[in-house]
Amino acid sequence: MDLKSNEPFWLVKNGLISSYPSLKDDKECDVLIIGGGITGNLVAHQMIKDGYKTILIDKREICNGSTSATTSMLQYEIDVPLYELSEMIGEKPAIQAYKACEKSITDIANLVKEIKSRSGFRKKQSLYFAARKKDVDWLEREYEARRLAGFDVEWLSAKEIERQFEIVNSYGGILSKSGGSIDAFKFSHELLRFNEKKGLEIFDKTELKSVKYLKDHNLALTTSGFTIKAKKIIYCVGYETKELIKEDFVDLKCTFAIVSEINSEKFKNIEHTLIWNTDEPYLYMRSTDDGRLLIGGGDEEFHNAEKRDALLGKKEKEILRNLKRIKPEEHFYTDFVWAGTFGETKDGLPYIGEHQNYKNSYFVCGFGGNGITFSVTGMEMASAFMQNKKHPLSEYFKFGR
């Protein structure tokens, strides 16, 4: 599956950061991680930290799937509002899921310091505003749910939003103190280099062909004919999980993004804020560490990469029209346009845990609009699984829920 279009901003901006060999002989390990995007790399970091002999493989070049196409917005907000998620799974687990995402942003900040990352991580606030008058009632309800749950939130009127962010045609919104942004592509590469020095073995252009699931270990066979004997396999293949598990558990969508030319002075009023709205599909924006504005939206059902990429020109115009509606004085000079694929679940939550058809294995699938923060929670959960411990969110992130 092609998970991105041909010119994602992060890949062009950073170029080829690291290169790894393909697998050329048989191997043994405690943990085999399938997938070298940010999810797999985070989980690998945890496995190395926990003392497991770990091998990571990817069929592409490392980080060249969804990680190169992500918008890298770090949000605690889940695509399903807190009050609505509370009605679906219960108030306590809904708050736990939101709190886990909030904690993940702090965990990333700590990881950035630990590995001395230069990935442009910044803590930011987040503005979620009503794009339509009819959205005000439920958005105010969402504000109250978050406030009562202990989140640091403030309700802003339309006038306050215009004054602070020069955004017009809003109907008020929630300003949250928790948020962040990063260059996930660069951070992911840095994380791998850090753990390679600690013993992580990394092989790209190494595709999994099949697995023999045995009593106390698995035997992974690659397309090149080499095998990896592993006590556990952790699948971190994101949206390609749908090719492994045939159940109807996630809907694939494509989203479109554009990045402006560099003009750091121009975007100063939103430099420290993630912005998104209640439109369907919603518009979202953030500044980058090198002084650009990144805007995305225009989500569509994903059918195939060719149809998705054929929409790039149309979607650029659509996103710019939506930007003009809220920032009529904005003159946006596009530098990059691209598309990526993401997964949407019925409750906005990821799938992290075991699957009955895959023995001695776990899945960490950070679906939704905040897949990176879900993946950080996945590190913690994978660590618990390896020790045969339960995690408070296991029941709500499991397959078949």
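## Cysteines

The closest cysteine sulfur to that of Cys-236 belongs to Cys-365 and lies 7.7 Å away, which is too far for a bond. Cys-365 is likewise in no disulfide, since the nearest cysteine sulfur to its own is that of Cys-236, at 7.7 Å. The structure is a predicted model, so the distance is compared with a cut-off: a disulfide requires two cysteine sulfur atoms within 2.5 Å. By this rule the count is 0 disulfides.

Are these two cysteines buried or exposed? Cys-236 has a relative accessibility of 7% and therefore counts as buried. Cys-365 has 0% and is buried too.

In soluble globular proteins, nonpolar side chains tend to be buried together. In this model the largest nonpolar core has 76 residues, and the members that touch the most others are Ile-33, Phe-187, Ile-234 and Trp-338. Helix 4, which covers residues 91-114, supplies the largest share of this core, with 10 residues. Another core lies apart from it and holds 51 residues, including Leu-127, Phe-267, Phe-302 and Tyr-351.

An open sheet is built from 8 strands in the order 6-7-5-14-15-16-13-17, with mixed pairing. Which strands stand at its edges? They are strand 6 (153-156) and strand 17 (334-344); each has a single partner strand, so one side of each has no neighbour in the sheet. On average, neighbouring strands of this sheet are turned by 20° against each other, with direction ignored.

Leu-156 has Gly-173, in strand 7, as its bridge partner. Helix 5 (residues 136-148) packs on the sheet and touches strand 5 (125-129), strand 6 and strand 7. The direction of helix 5 makes about 155° with that of strand 6. Helix 6 (residues 158-165) lies across strand 5, strand 6, strand 7 and strand 14 (273-277), and runs at about 105° to strand 6.

Another open sheet has 3 strands in the order 3-8-4, and its pairing is antiparallel. Strand 3 (73-74) and strand 4 (122-123) are the edge strands, each pairing on one side only.

Which side chain does that of Ser-181 join through a polar contact? The partner is Lys-124, at 3.0 Å. Beyond its neighbours within four places in sequence, Ser-181 is in contact with several residues, among them Ser-72 and Leu-74, then Gly-120, Phe-121, Arg-122 and Lys-124, and also Leu-274, Arg-286 and Ser-287.

## A hairpin

Strand 10 (residues 208-213) and strand 11 (residues 218-222) run antiparallel and are joined by 5 bridges. How many residues lie between the two strands of this hairpin? There are 4 residues between strand 10 and strand 11. Within the pairing, Lys-212 stands opposite Leu-219 of strand 11.

Technical notes. Residues are numbered from 1 along each chain as its sequence is written. This is a predicted model: local features need pLDDT of at least 70, side-chain atom pairs count only at pLDDT 80 or more; totals for chains, interfaces and linings use all residues. Side-chain values use heavy atoms; hydrogens and water are left out. A nonpolar core is a set of buried Ala, Val, Leu, Ile, Met, Phe, Trp, Tyr and Cys residues joined through side-chain atoms within 4.5 Å. Buried means under 20% relative accessible area, exposed over 50%, partly exposed in between (1.4 Å probe, protein chains only). Two strands pair if DSSP finds at least two bridges between them. Axes are lines fitted to C-alpha atoms, for helices over the stretch in contact, and angles run from 0 to 180 degrees between N-to-C directions. Contact means heavy atoms within 4.5 Å. A polar contact is a pair of N or O atoms within 3.5 Å; within protein, one must be able to donate a hydrogen and the other to accept it, and residues adjacent in sequence count only if both atoms are side-chain atoms.
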